[in-house]
Every structure is written in C-alpha cells, then in structure tokens.
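I'll jot down what I look up as I go.

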Amino acid sequence: MSSISMRTAELPTLHAASSGLGISAKPGFIVAVVLLVTLGYTMPLTEGWRLSLTEHYGFDERLEAYASEGTLMRQLAIGSLGLFGLAAIFWPGGRRLRIAGPMGLLAVGYVVWCGTSSLWADQPMMSFRRFAALLCEASLALALVKHTSSRQFAWVVLSCTLTWMTLGLVAELSLGTFRPWAWGYRFAGIFHPNRMSVNCAVLVLASMYLYFTDQYRRRWLLGVAGLAFVMVLLAASRSALGAMVLAAAVVWALTAPRRRVLVGALGGVWLVALTVLLMAILQVSVTGDAVSLGRVENETSSLTGRLPLWEDLLRYVGQRPFIGHGYNSFWTVDHIRDVSDEQSWAISTAHSSYLDLLLNVGIIGTFLCLSTLSLGFLRAIRLSRKMPGMGYGFIAATILYGLSAGFFETTFGMSWFFQIFILSSVCYLAFVDPDAPVPDATPEVASRFPSRPVLGVRPI
C-alpha cells in the first residue's frame, strides 16, 4: 500500500516534468514533416545529385537563373510546406499558439517589416515571391511547435540532416567524386560545400545533444556524431566548424553544473597546453594549409575574399541604410553581375547574415531580427536550466550556431533549410508559453526524465 501511495505521489511530479516536452506528436506527423522538408530543399534532386561533377559545384551557372525566376520545382516544394503547415495549424489538438511576450512581438514585427519592404524593393515581385516563401516556412515552423515537443524537434532536425548527409555520400560514391585524399577536395554531396558543412555541423549538435539525454540509442547517436564531424572537416568550411564548436561549448558551459564546467575548462586548458608542448617537441608548425583546412583558395588574410567584398557592399548599404533594398531582393541579376565583376568571382550573397540583412531590410529589420534571436537564445538557456534534457538546450545551440556562423556565411534571412530550423527554434520560444504548465520539478526527476520511460512510454 505504501509503495502504491509513493508511486501515486510521484505522478504529478513526473507529469510536470513531462509537460515540459509539450505534447507528443503522432509518428505519422513527424514522418510527413521530415519527408516534406528533406524533399523540399533537395528539389530538383537530379540537379543536386550531379553537383559534385560540375565546376565550382554548378554555382556560377545557376546564379542569375535563381535571382530572376527561381525554379518551379523548388517553388512547388516550398508551397507544399506552407499548405501542410497551414492545415496542421488549424487541425484540432496540440498546443495553443499565442504571442508570448516581447520576443513574440519582435518576431511578428520582423515578419511584417519583411513583407512591407516589398513595396519599395528594387524588384517588388521577386521580393514578394521570397516573402511568400518565408510565410510558407513560418507556417511549417508553427505547425511543428503546435504538434511536437521541443525534444521531438531535435529528432526532426537529426532525421533531416542525416538524410541529406547520407544522400550526399551516396551521390558522390556513385559518381566517383568522393575523394577525400585528393588535394583541394571538399565534400559537397547534393549541396554546395558551404551548405553541406552547415548541414553536417547541425547534425553533430543534434546527435550529441540527444546522446547526452537518451540512454537507449547512445552508441548509434555517438556514431552519427562522429561521422558528421568528419564530414564537417571534409567540407572544409572554417566558419561552420568554428561556429559548431563555439555553440556546443557555450551552451554546455551555461547549462551544465558549475563543477562540470570547471573540470571541463581545466581539461581544455590541459589539452591545449599538451598540444602546444607536443608541437614544440616534434617541431610542428601551423601552416596556412592547416588554417584553411586544405582548401585551394587559401586567402586567410582577406577571409577568402570576404573583406574586399564587404567593403564594396557597404556602398550599397549606404544607399538605403534604414529600410534596405527590400526583403531578399538586393541580389538582382544586375547587382550579381556588378558585384561579381568587381570582385572577380561569382557572388550571390554577402557571405554574412548581418550584411545581407542590412542590404535587404536595413537597420530597422536587422534590429528586429537580431533582437528576436538574442532574446530567444537567452530564454532557451533559462528553460534548459529549469527543464534539462527537454530540447531547449538544442534550441539554444541552433540559435547560437546561426548567430556565430552568420558572421562569415548567410545562415538566416534567406530561404533554405537552416532557416526552417531557426524559425522553428524561435517559434518554440515566442509563440507558446513553456513556463505556464510546468511547476517546479525536482532536479533529480528533471535530469532523469529524458533518459527514462514515463508510465512505460519510451521518450523520442
């Protein structure tokens, strides 16, 4: 009798911990989302499959076509995401969506500003078309938030990124272009190497987060993380590698117990000191090839041509500093030609999210976007401390990765697969109230919950 009473008394506490996961989506919904996202951002698949055979990964030939008209298959795919998202938002059940505090207001303000900027865009129809893509992606993000838990979101991201990496490996192996031993090789798969490196870096973050919070699939998750890390190195993107390490280290340091952080910091210092000592004994020097990860275009002094590009683009920022040239409409065919001719290499982005935001939506839009992401990161860290293992640590890592890698690549503010992850991360924090249904759970239960079944149900 006493045993039954004790178990019954535990149920509210366990329910409080589990409510931090929100609701648990049906497997069919998650499978549908993964299929739509993975297919949507690989269309047209036949073009991406042969990408590693082309010079410069087919980048030069597609710039003006994408800037002028886009591709019909990609438009249909993104439209399908939006329709599915709208249907799921109005489908009964799930969470109640609402604007949660200042962060929600800022997020709505940014979307409204992006749509309004189409009125003064250099090419209004192009800007409106890309704003429609943003709305489609936002609809799917809200659908995810309504019907899945924040922890399930990490599994969705892992499934999508693992699929893309696997398709890339199969594509290069089938075409005979997977040659990591060759000088200047970069792993591209079905994307440009810069995008594939982001994909693999996010896969590392997702698999490692789930590795530390799931006791049933730990070996498999560790194997996936190890393979994805190798692929990040083979893609040879320094910004992706650095942002991945920074995001993982900062989120861990801010959410782990202080004793673990201290031990980890001392271990890191010891490892760096040992490495430097061994390099001195073996007389190993750090060469430019090591800094550039073996890339042929080794221009570390100018950040692979970025500094001259940014200086050139600042002139265009000065033309419309506050309102920008319109949401995702700066890179018209004329601007692509002018900037590419000036820099002597094919360019269609600023290679910096911050500069692209200034070009497209100006200082006002940039402030709204960065304020939303900054508040989102802080809220995710707070929720991760309060409810460890329930997905908010991964959300914090995703946002910080985007902010860090965004210094040297355009990671947010444009329509591609990482924007879905960023938008979803923001929506989990800005359009639901994760604090309301969760009373203070005991640290012991909160820390154990993600890696143990609740009432006989295994966590996913």
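My notes below go through helices, salt bridges, surface patches and a couple of backbone angles.

**Ground rules**

I'm working from a predicted model, where local features need pLDDT of at least 70, side-chain atom pairs count only at pLDDT 80 or more, and totals for chains, interfaces and linings use all residues. Residues are numbered from 1 along each chain as its sequence is written, and side-chain values use heavy atoms, with hydrogens and water left out.

**Entry 1: two helices**

I started with the helices, which are DSSP runs (H or I, at least four residues) numbered from the N terminus. I looked up H9, which covers residues 193-213. Helix H9 has 21 residues and reaches 30 Å from its first C-alpha to its last, close to the 30 Å expected at 1.5 Å a residue. The expected span, I noted, is 1.5 Å times one less than the number of residues in the helix.

Next I wanted to know how covered H9 is. I call a residue buried under 20% relative accessible area, exposed over 50%, and partly exposed in between (1.4 Å probe, protein chains only). By that rule 18 of the 21 residues of H9 are buried, so the helix is largely enclosed by the rest of the structure.

Then I turned to H17, residues 392-405. Helix H17 has 14 residues and reaches 20 Å from first C-alpha to last, close to the 20 Å expected at 1.5 Å a residue. I found H17 mostly covered, with 14 of its 14 residues buried. One residue I checked in H17 is Ser-404, which is buried with a relative accessible area of 12%. I also looked at Ser-404 and Ser-353: they are 51 residues apart along the chain, and their C-alpha atoms are separated by 9.7 Å.

**Entry 2: salt bridges**

Side chains of opposite charge can pair when their charged atoms come close. My cut-off for a salt bridge is a side-chain nitrogen of Lys or Arg within 4 Å of a carboxyl oxygen of Asp or Glu. How many salt bridges does the structure hold? I get five.

Arg-320 and Asp-122 make one of them, at 3.4 Å from N to O. This pair links distant parts of the chain, 198 residues apart: Arg-320 is in the loop between helix H14 (306-319) and H15, and Asp-122 is in the loop between helix H6 (101-116) and helix H7 (124-147). Arg-320 counts as partly exposed at 27% relative accessibility, and Asp-122 counts as partly exposed at 31%.

I then looked up Arg-306, which forms a salt bridge with Glu-409, the closest N and O atoms being 2.4 Å apart. Here too distant parts of the chain are linked: Arg-306 is in helix H14 and Glu-409 is in the loop between H17 and helix H18 (417-430), 103 residues apart. Are Arg-306 and Glu-409 buried or exposed? Arg-306 is buried, and so is Glu-409.

Asp-312 and Arg-315 meet at 2.6 Å, N to O. Both lie in helix H14, three residues apart, about one turn of the helix. Salt bridges that share partners also join Arg-151, Asp-214 and Arg-217 into one network.

**Entry 3: surface patches**

Patches, in my notes, are made of residues with over 30% relative accessible area and no salt bridge; like charges are joined within 9 Å, and nonpolar side chains (Val, Leu, Ile, Met, Phe, Trp, Tyr) within 5 Å. Accessible areas come from the Shrake-Rupley method with a 1.4 Å probe.

I found a nonpolar patch of about 340 Å², made by Ile-99, Leu-105, Val-108 and Val-112. Leu-105 lies in helix H6 and is exposed, with a relative accessible area of 57%.

There is a negative patch as well, formed by Asp-334, Asp-338, Asp-341 and Glu-342. Lys and Arg count as positive here and Asp and Glu as negative, while His and the chain ends are not counted. The place of a charge is taken as NZ of Lys, CZ of Arg, CG of Asp or CD of Glu. Asp-334 sits in helix H15 (residues 333-343) and counts as exposed at 52% relative accessibility.

**Entry 4: positive phi**

Last, I looked up two backbone angles. Ala-236 has phi near 60 degrees, a positive value in a residue other than glycine. I place Ala-236 in the loop between helix H10 (218-235) and helix H11 (238-255), and it is buried at 1% relative accessible area.

His-351 has phi near 55 degrees, again a positive value in a residue other than glycine. His-351 lies in the loop between H15 and helix H16 (353-386) and is buried, with a relative accessible area of 11%.
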